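Open the viewer, keep a pencil at hand, and try each task before you read on.

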Amino acid sequence: RPLPLPQPHKLRPLGLPTPKKNIIRSPALSSVSKQVYKDPSFLIGLAREIKSLPSSDADVSLVLNKWVSFLRKGSLSTTIRELGHMGLPERALQTYHWAEKHSHLVPDNRILASTIQVLAKHHELKLLKFDNSLASKNVIEAMIKGCIEGGWLNLARKLILISKSNNRILDSSVYVKMILEIAKNP
């Protein structure tokens with residue numbers, strides 16, 4: 001018995017574009033925004049641009065609004081940490097407040113953890129009472145690390161004990177930092 005004739009709608013004449021499911025995308029064609037928001041040099045450059053604002057009254061939104069379309073969750077944590085290294089905790093806090101106003105950037109524990117660490121390190125963290133049962137592990141660790149870097153060893157010790165009493169297992173790097181600081185200043 002002869003084979004059935006091919007259906008005309010199932011044959012593809014040569015020269016027509018291939019269906020989208022068969023297209024192989026090269027990494028070179030990926031969008032620029034995917035490359036930028038992870039790039040540490042861009043994020044550190046953003047911190048330098050914030051630092052170079054003309055006055056302390058100038059708002060960080062002047063810089064950040066230009067780059068809002070390129071930023072994603074977690075990308076500003078590097079910028080906030082860099083502002084902390086530059087000695088600008090108030091700019092780091094302004095950056096966090098700016099991020100809170102943009103729904104595609106929050107909620108994000110990395111940004112919150114970086115901000116808390118910078119503020120604790122520079123003795124700018126006014127409210128240290130928090131609900132340990134609701135705070136994430138990263139936020140608690142950042143608070144303890146910031147207290148250690150800022151020289152608040154007793155407060156860091158209390159936070160570690162609170163975490164331990166609530167059966168929280170912290171990263172070993174927190175304990176190592178604490179032990180090293182105690183060894184330097186017994």
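Is lysine 137 buried, partly exposed or exposed? At 40% relative accessibility, lysine 137 counts as partly exposed, where buried means under 20% relative accessible area, exposed over 50% and partly exposed in between, using a 1.4 Å probe and protein chains only.

Some ground rules before we go on. This is a predicted model, in which local features need pLDDT of at least 70, side-chain atom pairs count only at pLDDT 80 or more, and totals for chains, interfaces and linings use all residues. Residues are numbered from 1 along each chain as its sequence is written, and side-chain values use heavy atoms, with hydrogens and water left out.

**Exercise 1. Find the partner of lysine 137 and describe the pair.**

Step 1: Look for a salt bridge, that is, a side-chain nitrogen of Lys or Arg within 4 Å of a carboxyl oxygen of Asp or Glu. Lysine 137 meets glutamate 141 in such a bridge, at 4.0 Å from N to O.

Step 2: Glutamate 141 and lysine 137 are separated by about one helical turn, because they are 4 residues apart in helix 7 (residues 137–150). Helices here are DSSP runs of H or I with at least four residues, numbered from the N terminus.

Step 3: Check the burial of the partner. Glutamate 141 counts as buried, because its relative accessibility is 7%.

**Exercise 2. Compare two further salt bridges, one of glutamate 49 and one of glutamate 181.**

Step 1: Start with the count, which comes to 4 salt bridges by this rule.

Step 2: Glutamate 49 pairs with lysine 66, their closest N and O atoms being 2.8 Å apart. This pair links distant parts of the chain, with glutamate 49 in helix 2 and lysine 66 in helix 3, 17 residues apart. Glutamate 49 is partly exposed at 26% relative accessibility, whereas lysine 66 is exposed at 52%.

Step 3: Glutamate 181 pairs with lysine 184, with 3.5 Å between the closest N and O atoms. Both sit in helix 9 (residues 172–184), and being 3 residues apart they are separated by about one helical turn. Lysine 184 is exposed, with a relative accessible area of 59%.

**Exercise 3. What surrounds arginine 91?**

Step 1: Locate arginine 91 in helix 5.

Step 2: Look for a charged partner. Arginine 91 is buried yet has no salt bridge, and the nearest side chain of opposite charge, glutamate 90, is 5.4 Å away. Here Lys and Arg count as positive and Asp and Glu as negative, while His and the chain ends are not counted.

Step 3: List contacts, meaning heavy atoms within 4.5 Å. Leaving aside neighbours within four places in sequence, the residues in contact with arginine 91 include Ile50, Leu53, Asp59 and Leu83.

**Exercise 4. Which residues touch the most other members of the largest nonpolar core?**

Step 1: Recall that a nonpolar core is a set of buried Ala, Val, Leu, Ile, Met, Phe, Trp, Tyr and Cys residues joined through side-chain atoms within 4.5 Å.

Step 2: Among the 22 residues of the largest core, the answer is Ile50, Leu64, Leu71, Leu76 and Trp98. Helices 2, 3, 4, 5 and 6 each supply at least two residues of this core, and helix 2 gives the largest share, 5 residues.

Step 3: Zoom in on leucine 76. Not counting residues up to four places away in sequence, leucine 76 touches residues including Leu46, Leu64, Trp98 and Ile111.
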